[in-house]
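Hi,

Here is the structure I promised to pass on. Have a look at it first, and my notes follow below.

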Amino acid sequence: MPAKASAQTDVLLIGGGAIGLLGAIKLAEAGLRVTVLDQGHIGQEASWAGGGILSPLYPWHYPPALLRLVLYSMQRYFSLTATLLEQTGIDPEWIPSGLLIMEGEQEKIPNDVLAWGRTWGLDWRLGLQEPQTLWCPEVAQVRNPRLLAAMAARCRQLGIVLHENTAVTGFRKQGEQLQGVETSTGFIPAEHAIVTAGAWSGKLLDETGTHLDIIPVRGQMLLLQGKLGAINTMLMRDNHYLVPRRDGLILAGSTSELAGFDKSTTDEARNELLDFATQVYPDLERVPILKQWSGLRPGSQDSIPYIGPVPGWEGLFVAAGHFRYGLTNAPATADILVSFLMKTPPPLDINPYAILTPRPAQ
Ligand SMILES: Cc1cc2nc3c(=O)[nH]c(=O)nc-3n(C[C@H](O)[C@H](O)[C@H](O)COP(=O)(O)OP(=O)(O)OC[C@H]3O[C@@H](n4cnc5c(N)ncnc54)[C@H](O)[C@@H]3O)c2cc1C
């Protein structure tokens with residue numbers, strides 16, 4: 001049976017991960033009637049699988065276009081999560097636990113890193129002992145599954161319709177104006193729609209004739225049973241990290257693999273993550289592994305997402321390709337989407353995220 005509520009809808013969000021849900025909330029709070037469609041269950045893909053670190057792993061590797069989104073979003077996360085807790089009773093566990101970066105074989109800490117950090121207003125400290133360490137006190141974390149549960153609850157409070165098991169398969173237009181979307185449950189009319197389909201966005205947008213270089217990049221994670229309070233900060237070395245949760249559980253992440261849309265987990269990744277965890281924190285050798293999982297990051301160049309209108313399709317937008325930092329950058333993305341739909345000035349320079357192929361140098 002076709003999903004019904006669309007007759008009452010101003011905008012469809014295609015994909016209910018962190019990007020789609022926060023976009024939906026902000027658009028509904030701005031006064032629009034919103035429907036979210038998801039091919040599976042709301043909030044169960046990459047946004048659920050991620051580590052919840054609210055920062056790029058090695059910020060100096062990234063261009064200003066990414067860092068501007070990050071800083072804008074970091075400044076809003078405390079208030080976003082505190083408000084969600086107050087509104088829904090679900091605590092996304094925003095914790096300003098800081099991140100300690102340890103110099104590794106592959107990732108060196110640059111000599112001028114403190115000066116570089118200062119240009120972005122970041123108050124970093126270098127450790128004096130060997131191997132060198134960099135302390136980044138402003139980096140916070142969230143507990144992604146709880147953040148998503150809080151967002152979904154807020155959506156329901158706002159009257160946003162959430163349709164699960166409804167895969168969008170194509171788009172219809174008259175002239176250039178979007179008429180609606182084809183789905184696994186039938187045609188849904190809509191004058192505005194936003195593709196927030198994460199790693200699947202490139203494949204879906206091929207239907208419109210716009211081909212974006214968004215590819216699935218698999219990341220595997222381990223959940224370890226740590227001791228309450230044993231580790232209080234996030235630790236990172238050579239692109240691997242430990243994230244201690246408030247209840248003593250510890251996440252060890254992550255791999256970065258090109259495996260198409262295959263979400264299997266592997267023994268190789270388990271050993272890689274466990275080796276890393278026990279090297280940086282030997283006490284973890286004796287703790288049980290509670291779970292291993294994987295998620296598909298929406299891979300893009302330098303983690304710079306596409307946020308903007310789809311050429312040749314009046315009313316159709318994209319917000320996808322956040323790669324490693326979609327949780328981090330959800331607040332900036334949502335505010336940019338509001339500016340497009342409400343025709344208000346954007347909160348920051350949006351040119352770097354425009355749907356252009358090839359992309360301009362950032
Ligand atoms: C292991 C791992 C660790 C990570 N760690 C971090 C981190 O520490 N910090 C950080 O900021 N980011 C992290 N990320 C990246 C972050 O998770 C992603 O960038 C972010 O989740 C992308 O959000 P999204 O909403 O675009 O995609 P998703 O959360 O994947 O949501 C997309 C949704 O679209 C739906 N969908 C797809 N196709 C269709 C269709 N045709 N019709 C309808 N629905 C559709 C899917 O079912 C899905 O629910 C990590 C990712 C992984 C995998």
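**The sheet and the ligand shell**

L12 stands opposite T35 in β2. This is a predicted model, where local features need pLDDT of at least 70, side-chain atom pairs count only at pLDDT 80 or more, and totals for chains, interfaces and linings use all residues. Residues are numbered from 1 along each chain as its sequence is written.

The pairing there is parallel, with four bridges between strand β1 (residues 11-14) and strand β2 (residues 34-37). Strands pair if DSSP finds at least two bridges between them; helices (H or I, at least four residues) and strands (E, at least two) are DSSP runs, numbered from the N terminus.

Both strands belong to an open, mixed sheet of six strands, in the order β6-β2-β1-β10-β17-β16. Its edge strands, β6 (161-163) and β16 (306-309), each pair on one side only.

Helix α1 (residues 18-29) lies across β1, β2, β10 (193-195) and β17 (316-320), at about 170° to β2. Helix α8 (residues 330-342) lies across β1, β10, β16 and β17, at about 170° to β17. Contact means C-beta atoms, placed from the backbone, within 7 Å; axes are lines fitted to C-alpha atoms, for helices over the stretch in contact, with angles from 0 to 180 degrees between N-to-C directions.

Now the ligand: of the 42 residues around it, G15, G17, G198, G219 and G326 come nearest (near: C-beta atom, placed from the backbone, within 6 Å). α1, α2 (46-49), β11 (215-225) and β15 (289-299) each supply at least two residues of this shell.

Enjoy exploring!

Terms used
Two residues are in contact if their C-beta atoms, placed from the backbone, lie within 7 Å.
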